[in-house]
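Try each task on your own before you read on.

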Amino acid sequence: MSVRDDIAARIPGGDAGLIVLILASAYLLYILAGIGLGYDLRGQLNSIATLTFYIGIFAMLSLALNLHWGYTGLFNIGIVGFMAVGVYVMALVSKPVFVAGGAAQVGGLGLPLWVGIIAGMLAAAILGLVVALPALRLRADYLAIVTIAMSEIVRFSFLSGNLQEFNLFGTKVGFGGGSGLILDFVPPLEALFRSVGLWGVYLGFVEAFQAIVPRNPKPVVDGLIYGALLLGFVAVYFWLLKRTGESPFGRVLKAIREDEDVANALGKNTDGFKIKSFMLGCALMGLAGILWLMPQGAVTPNFFRPRVTFFVWIALIIGGAGSNTGSVLGGAVFAAVLYQGPRYFQNLVGTVFPNLDSPSGFGQAISPLISQFDPVPLLLYTVDSIRQLQLVVMGLVLIWLMHNRPEGLLGHRKETASVISLDRPKSMTAADGGTDGEVRTDGGVTEDDSTAAVEGGASDE
Amino acid sequence: MGIAETYSRGREFAIERPFALVLGVIAAVLLGDLLLGLATGQTQFADIGTLVWDGLMRGLVIGLAGIGLSMTYSILNFANFAHGDYITAGAFSGWATTYLIAGLGRADIGALLLVGAGGSVYGGTIGIGMLSTPLAVVAGIVVAGAFAIALSLGVDRFIFKPVRNEDGITLLITSIGVAFALRYLMQFVFGSDVRGTTAQPPSIGLYLIDGTVFIDAHDITLLVIASGLMIGVHLLLQRTKLGKAMRAMADNQDLALITGIPTERVVRSTWIIGGGLTGIAGYMFILWKGTLGFNDGWLLLLLIFAAVILGGIGSIYGAITGGLVIGLTASMAVLWIPSAFARAAAFVVMIVILLVKPSGLFSGRSTA
Amino acid sequence: MSDAANPPVDDVANEGNDDALGAFASGVETTEQFPLQVEGLRKSFGGITAVDGASFEVEAGTLTGLIGPNGAGKSTTFNLITGMLKPDSGTVTFNGEDITGLEPHEIANRGMVRTFQIARELSDMTVLENMMLAPKQQRGEKLWRSVAPVVRDDVREQEEELLERVWEVLDFFDIDHIAHEYAGNLSGGQRKLLEMARALLTDPDMLLLDEPFAGVNPTLEKKLLTHIHELREQGYTFLLVEHDMDLIMNNCEHVIVLHQGKVLTEGTPDDIRSNEDVIEAYLGGNV
């Protein structure tokens, strides 16, 4: 056991304490950086909202992936494909019906947002089924190749002109092709509050918020509330998956991950369990994709590149596959440090040195270093290209984790797969026969308690 | 053989291999559709000829790059997702060399070394081509191979070797990390734009029934180099002691350890041969298609996986055959489906093979 | 699944017994005299025929041994019976039902459960989790039942019943002291015990044990044998693949000898011991 395994034990509150501590430090860091840069309150609130947004998204995705990989041992590297299908189907169902001359090239079915969200999740689950049926019996690496191929097929399909627009139930709908799709439905928060009749209350709250942010407070409040909503979804995912894991169902999943043949020989229909687990995870990935893109106003197929899948994997591996707490933690650390961190850093540099003229290419950046030992252009180019370098860093982090900490930050942490504590029930006393409480080291048997007086006994060859 | 026997055999086949039967029906329908198209004049023989030729070329690239992937897959027992970026790295190193030699004195050295990043210099302007600048191309091929070898050996030494005793999935995840680090490092250095690399090569038109199929100098170069290398690898594996050791290790690593084949040496040779072929495949791919971007290798990788699985992991002949099948599928699929789904068709072929014959066409894990 | 031989687990757990065995032995209700019948089983891999028309029967309530020299097809036969492999031809009948070609889990659910030659414990699960996995027809194996509020209370109730049974079996096998240990940390012998205990919890009629004594020290071997004999007296049927001739001869009522994929002969240990063919097969048949 390494030192870090004990971190959670030393913090009051255990895992929950650790999560709170890590979240609090992340927020504190962002706020301090903001103060140092003279951000006004609006800027601070925006940066907190964005951070919360990504923490929520990656925690959700990481939890869903944990169901696949951590619990069931299904090596899914096509996550982004399920997200894409979720978002696009949701858009198809919930975008308003096409009107000629409107801003949108194509329309949708005009159904309420919640119908679209459910449809999107179902579509992701069904895609999961389609992938699972041929691939689940295959080796883990084959499933990996099939899932990533699927996610690229999904992206190419949405890019293709053939699905750009078509007719469904007599109305002009479509996926917009490479130029993307405008998500011109009612903004999600408005839809949510209207559906519970609190839209007026919410607007009143926004009004009151003017006391804190005088000019146009709505985007700020929207961002904060949406972030909080996402954290609510994280809690629901956590609850759902914890219950899934800590149950006879989760026990079978765990057994499948360990040794599928054994589970099968014990009478468990392993294919059925794998398909259910896979479809549930896919639906949750679809929902996470929907929640990510729903407030963005538009969606393009190239958002769904395999790198998003890679992000989720890093998040899960940081936290430690197999543990729900670890998944949330991994999602939060990934979002705060690896995903938002560099971008925030870039903004900071941009704020501190507002009029920097960074070179447009690596050539212009490196030549001053070679000819005049002037590293500034290269540094500027580095900061300017931080979104690419960020991926390099993530790759290196992944390699480092696999070398040094493949079990994640929390260490080897397995949650017991049962509804109840498995301690000996109080109603039972330890059996008298044979057991005298002494711990045996090998073979489970000491010489003297062998009551085995079987005819012939054992032979010694 | 009596009719009854034939019938009962057929019935047995249908019951035992339902997938195969369905596939047969689908193949028949597709062929029928094609013949109908030809008969009605909707499809031209020359079009088909062009697509077949295109698929053949693509297949050679996939097959050549697939040999390396297949070898490391079977000998080191993991799916190397960084392989696609080895292809790109080989291509960039080789093309930087070609640009430098062909454009020296005519453009800024930095721009040439960065393969014309940001539109600073164009391959077409320098007039790069097999016939116009043969020395530059040959040097590029050599450097591409050498660089990919160095890269794969370096990555293996510092990244894969420390975790080589873990299971295949650990290595697979590690290789994904390598892939992303490499790919975006290349984007950082060479930029994200897709540049044209060659001048239009001279071509000859072959008359085919109702039209012409054009074959250009770079097609021929690819054909010659790819088949030459494939034959070379075949001879190496069949005729040399090293080749025998590699085949033994592909079959059973433990056995190879016991029988005293120096496995570390075999592993190194695997990376050298695989890396070299991969780098050259990357260079030839760019020479053939005439454009270069940092995503090229990655996009090709999934087709290469399809080819390797199709052919049977560990078999170099499988990789070559698989490459040709996948290349032809990706090219010819447009006869039946919209071109945006051609790539998808190649994946579907792979999935179907996984269903029908998961061990691949040349089944068994032997590098032979 | 629906036959009376497999009452739902919760009924089983409720029977008060002062004998620990009774708690899980009541499921055996085999009506057939020969619960397992194998007829003309054949399987080849590539050009090699591993099992070549093997036919035999196993009598209810017996400890039947399946022996044969290396490569006789014992393990393949086991895999064919339990559905891990599909036979090229031939039938397997269990409790009067043709189970040829069924999936392993379908066969297990009909009351025939196997153990593996190399104990396959689920190493990242505790002994308790391993044991809790085994019982059949657990309500909580339905995803929605495990998750939905209210309904989950039913699951909890069943889990509590199962847990008592699990502890009884742990006590019976004398592995209660390692109950919270990860199965991966157990010794080889403990794994064998765990595996048999786990198989018993599925409430089978018949157990197929694939070399249960391989790599087990003599003391534990005795102990395992005691358990097997006790269970046989309770009415369980055993089919045992074993390498060790003496062990089979001393413990089984009936012995089947496989040779080159066929049944060479069968009979009581005494018959086998004096059979010339068997001696021949063991001495010269090792090709």
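**Exercise 1.** Find what share of the contacts in chain C between residues at least 6 apart in sequence join residues at least 24 apart.

*Solution.* Start with the term: two residues are in contact if their C-beta atoms, placed from the backbone, lie within 7 Å. Among the chain C contacts between residues at least 6 apart, 69% join residues at least 24 apart. Next, look at the make-up of the chain: chain C has 12 helices and 10 strands. Helices (H or I, at least four residues) and strands (E, at least two) are DSSP runs, numbered from the N terminus. Finally, 54% of the 287 residues in chain C are buried, where buried means that 20 or more other C-beta atoms lie within 10 Å of the residue's own.

A word on the model: it is predicted, so local features need pLDDT of at least 70 and side-chain atom pairs count only at pLDDT 80 or more, while totals for chains, interfaces and linings use all residues. Residues are numbered from 1 along each chain as its sequence is written, and chains are lettered from A and ligands numbered from 1 in the order in which they are written.

**Exercise 2.** Describe how helices α4 (residues 79-94) and α12 (residues 270-293) of chain A pack.

*Solution.* First, take the geometry: the axes (lines fitted to C-alpha atoms over the stretch in contact, with angles from 0 to 180 degrees between N-to-C directions) are 7 Å apart, at an angle of about 60°. Therefore α4(A) is oblique to α12(A); angles under 35 degrees count as roughly parallel, over 145 as roughly antiparallel, 65 to 115 as roughly perpendicular and the rest as oblique. Then list the residues: A:F82 and A:M83 are among those from α4(A), and A:M285 and A:L287 among those from α12(A).

**Exercise 3.** Now work out how α3 (residues 45-75) and α12 (residues 263-289) of chain B are arranged.

*Solution.* Their axes come within 9 Å and cross at roughly 160°. The two helices are therefore roughly antiparallel to each other.

**Exercise 4.** Which element gives the most residues to the side of chain B that touches chain A?

*Solution.* Begin with the whole interface: 40 residues of chain B are in contact with 38 residues of chain A. On the chain B side, α8(B) gives the most, with 16 residues.

Technical notes: Buried ≥ 20, exposed ≤ 12 C-beta atoms within 10 Å, placed from the backbone.
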